[in-house]
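Biologist: I have the sequence and the model open. Can you walk me through the packing?

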Amino acid sequence: MASRHRIPSDDLAELIKEFVLGDVVAWHHLADGLMNVNWRLDTPAGTFALKRVTDVPLDRLRRNLAVLPTLAEGGIPVIVPVVASSGGVVVEVGGSGYCLFPWARGAHVRGVDLPLPQVRRLGAVLAELHLALGHAAGAGVLSAVPVSLTADVVTPEQASEKADRLAAVARAHGSGDIFDGAALDALAKRRVLLAEYAALRPQGDVPAGPYGWVHGDFQYRNLLWADGELTAVLDWDRLGVRPYAEEIVRTAQVQFGVEGVFDLERVAAFVSGYRSVVPLEPAALLDAGRRLWWKRMTDFWQLEFHYDRGDHSCDDLFIADEALLHWWTERLDEVERAFGGAL
């Protein structure tokens, strides 16, 4: 097992004491997470999910986790973290931050594997979550933060320059394997797309529609289902203030953009489920859909992970997202109609 996936023995001993676990009978790494590291712990006190946080400041994580009891009281399916003997929900040990949650039943289910009634229900739950977060903010549970509604719209020239840089890095430092070849081919095709579709770049740097507190990563890796019901919304690292429509269309893309194509029937059902609770204007959704498409057109974050950080954990996402981008671009009007809740 890679060292990143092991719990250091000194850390584990301290965590057992902090969370009063008695002992750990067994533990194993959970492979579903992409950024942080998670384990299942079986102990005399019960079964738990342990998370080592690596990609968010711990003060922000404490703020985010503090809202979960309020959401649970409001009927949102969340797992409230265990409070350590020191009184906090984040324990710092050995230079790392850990938090512990009671084990939640259920399984991760891709959006395209959900029946349409569950897809609609998922959209409604997201709307209910947005409302609950708004109530929590109004009650002072979430601290006020400076809000900037501007979003830089990358120019075709900026994106092409980034593509050129990454291609040079791939040629100079790549191993010449299959991924390098796929990356170079994709970068060449991306420059063609950028030139062909430059005129469709979103106009203005202020997204349309209302905004407020959102989950930030509401997608199948962070959702658990059991017996046809959503049992848990996980991973609150990205909680923040953003346009609601941005979260809706991003969720729709991750949930229903699979294997290089969109399941447009499910996209429309998901959006309709949301709008059955919160009647967000279609214009805001269409604006968010166009902005997300352009963001995917001009973004190369998986390649930056691969070549700049030496992190290959998201390589598969790049291949899949590249295929989806081309399919999406060829059917831009049709996809945007689905994002608006209609086909």
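**Aromatic pairs and cores**

Modeller: Trp293 and Trp294 are both buried. Bear in mind that this is a predicted model.

Biologist: How are the rings of Trp293 and Trp294 placed, centre to centre and between the planes?

Modeller: Trp293 and Trp294 make a tilted aromatic pair, with 5.7 Å centre to centre and 55° between the planes.

Biologist: How many aromatic pairs does the structure hold?

Modeller: There are 10 aromatic pairs. One of them is Phe256 with Phe270: the ring centres are 5.8 Å apart and the planes are at 55°, so this pair is tilted. The pair joins distant parts of the chain, since Phe256 belongs to helix α7 (residues 244–256) and Phe270 to helix α8 (residues 264–275), 14 residues apart.

Biologist: Phe256, buried or exposed? And Phe270?

Modeller: Phe256 has a relative accessible area of 0%, so Phe256 is buried. Phe270 is also at 0% relative accessibility and therefore counts as buried.

Biologist: Which residues do ring pairs link into a cluster?

Modeller: Phe262, Trp327, Trp328 and Phe339 are linked that way.

Biologist: Now the largest nonpolar core. Which residues touch the most other members?

Modeller: Leu71, Phe262, Phe270 and Leu303 do, out of 87 residues in that core. Helix α4 (residues 116–138) gives the largest share of this core, 10 residues. There is also a second, separate core of 18 residues, and Ile7, Ile16, Val24 and Val93 are among them.

Biologist: Switching to Leu68. Where does Leu68 lie?

Modeller: Leu68 is in helix α3 (residues 68–73). Leu68 counts as buried because its relative accessibility is 0%.

Biologist: What does Leu68 touch beyond its sequence neighbours?

Modeller: With residues up to four places away left out, Leu68 touches Val78, Ile79, Val80, Pro81, Phe101 and Trp236. Trp236 is 168 residues from Leu68 in sequence, while the C-alpha to C-alpha separation is 9.0 Å.

Biologist: On to the strands. Which way do the residues of β7 point?

Modeller: In strand β7 (residues 223–226), Leu223 and Trp225 point one way, Leu224 and Ala226 point the other way, and all are buried.

Biologist: And in what sense do β7 and β8 pair?

Modeller: Strand β8 (residues 229–233) pairs with β7 in the antiparallel sense, over four bridges. Leu230 in β8 stands opposite Trp225.

Biologist: Which residue lies over the face of Trp103?

Modeller: Arg40 does, at 4.8 Å from the ring centre.

Biologist: Last one, Ser160. Where is Ser160 placed, and is Ser160 buried or exposed?

Modeller: Ser160 is in helix α5 (residues 156–173). Its relative accessibility is 19%, and buried means under 20%, so Ser160 counts as buried.

Biologist: What is Ser160 in contact with, leaving aside neighbours within four places in sequence?

Modeller: On that basis, Ser160 is in contact with Arg191 and Leu194.

Definitions and conventions:
Residues numbered from 1 in each chain as written. Predicted model: local features only at pLDDT ≥ 70, side-chain atom pairs only at ≥ 80, totals over all residues. Heavy atoms only, no water. Helix = DSSP H or I, 4+ residues; strand = E, 2+ residues; numbered from the N terminus. Buried < 20%, exposed > 50% of the residue type's maximum accessible area, 1.4 Å probe, protein only. Contact = heavy atoms within 4.5 Å. Pairing = 2+ DSSP bridges. Core = buried A, V, L, I, M, F, W, Y, C linked by side-chain atoms within 4.5 Å. Phe/Tyr/Trp six-rings, centres within 6.5 Å; stacked < 30°, edge-to-face > 60°. Lys NZ or Arg CZ within 6 Å of the ring centre and 35° of its normal.
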